[in-house]
Amino acid sequence: MFEFDDFEGLSVWKILLYLFGIYVVFIILHQILLGWYYLGRGKTGTRLLLKEHKLAFHYILEEKQVDSYQLPLVVFESHLGLGMGCWHQMQHKLLEKLPTLAYQRSGYGWSTELDYSGPRTAEEMATELRLLLEALKFDKHPIILVGHSFGGIVCQTYKLKYDSKHLIGMVLLDAPPSDHFIKHPEIKSFTSERIPKSLSTAGSLADLGWFRLAGLLFGVSSVQVTQKMKQLMDKKALDGIWQLSFDSRTIRTIGVEMQGYSKSLDNLNEALKEHDNKFTPCFVITPEKVDPPVVDVKMTQQQWQDEWHKGQIQTAVQYNKRFGFLSESQIIVEKGLSHSDLFLSDSILDAIDQCILLSKKK
């Protein structure tokens, strides 16, 4: 271990050269460790080639479930930046009951790297999901989609884009209402322009190892890791989210997904107006306490929370009201969890069970 006295007698340039050498060693170790993670610890599940895409996925099918092939497949769609690791515990809670599938969208982890030249929309992600289901021979099999936040937008887009009769239910975890940016253009500008620019810079810093260094020293990351996540998630799953948050490819992917956020919502809003056959059993889970946005929307915290909850009810109505299935039980207000960690809610398990029951009444 060196002491500051070791620098005595050295010129400023030699000291800078010495520090630069330490930095180069850090960068080399950073790249080696990152490569080890994606070739070793980070390589969970399987990777499958789909046309121009290679997607990592984690598919669980118990041997005894093979004989009951009509059991619906539960497909998990994650929020921006989280990746498939966040569903690890939920998949294992369903282990004895239903087959499950979680996957990394293109650009995340060791799935195919993206072209970062333009925005990426939910329609592209829905197409990617369709390709994965076709490759796994589940494109005609009954499925239930569970989507967290932006993942909920992907789920709804899949439903409306493919008019899939095999989709027997959706569980949406606090997905933004389709008219969210119409009501709040100031949030649209912040989400689609300012945040992607910041993430592009963060991606460049991650290439140089600076972002990981900032994370080690100051706890900085591209994904919010909440106290509930630290308390309730197992170490392997939490470590997977933490590693993704420093990966330059993943950070840039979040940026281009954010760029396409407003277009994704606009497209969904238009599709909902035009689509006649919208019915699908749908459960909405939202936190009791809704944090205000970082952008000033000229509303009190209570006003914002009331509007957000009203939007969640509107989403549930859009998919349930045609057959009169909407009930209070289909809108679940979760206490003790925030928007960021709703994927840990045990209410998801109850909602999946209810989707199966309701699908039989169609």
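The following dialogue explains how to read several features of this predicted model.

Student: What kind of model is this, and how are its residues numbered?

Tutor: It is a predicted model, in which local features need pLDDT of at least 70, side-chain atom pairs count only at pLDDT 80 or more, and totals for chains, interfaces and linings use all residues. Residues are numbered from 1 along each chain as its sequence is written, and side-chain values use heavy atoms, leaving out hydrogens and water.

Student: How many helices and strands does the protein have?

Tutor: Helices (H or I, at least four residues) and strands (E, at least two) are DSSP runs, numbered from the N terminus. The protein has 13 helices and 8 strands.

Student: What percentage of the residues is buried?

Tutor: Buried means under 20% relative accessible area, exposed over 50%, and partly exposed in between, with a 1.4 Å probe and protein chains only. Of the 362 residues in the protein, 52% are buried.

Student: How are two packed helices described?

Tutor: Two packed helices are described by the angle between their axes and the distance between the axes. Axes are lines fitted to C-alpha atoms, for helices over the stretch in contact, and angles run from 0 to 180 degrees between N-to-C directions. Here helix α4 (residues 150–162) packs on helix α11 (residues 261–274) at about 40°, with the axes 10 Å apart. That angle makes α4 oblique to α11; angles under 35 degrees count as roughly parallel, over 145 as roughly antiparallel, 65 to 115 as roughly perpendicular and the rest as oblique.

Student: Which residues make the contact between α4 and α11?

Tutor: Contact means heavy atoms within 4.5 Å. Helix α4 contributes F150, I153, Q156, T157 and L160, while α11 contributes Y261, S264, L265, L268, A271 and L272.

Student: Where does P185 lie, and is P185 buried or partly exposed?

Tutor: P185 is found in helix α6 (residues 185–207). With a relative accessible area of 49%, P185 is partly exposed. Its C-alpha atom is 9.6 Å from that of S262, 77 residues apart along the chain.

Student: Which residues other than glycine have a positive phi, and where are they?

Tutor: Two cases may be examined, K137 and K298. K137 has phi near 65° and lies in the loop between α3 (122–135) and β5 (143–148). K137 counts as exposed, at 65% relative accessibility. For K298, phi is near 55°, and the residue is found in the loop between β7 (282–287) and α12 (301–320). K298 also counts as exposed, at 68% relative accessibility.
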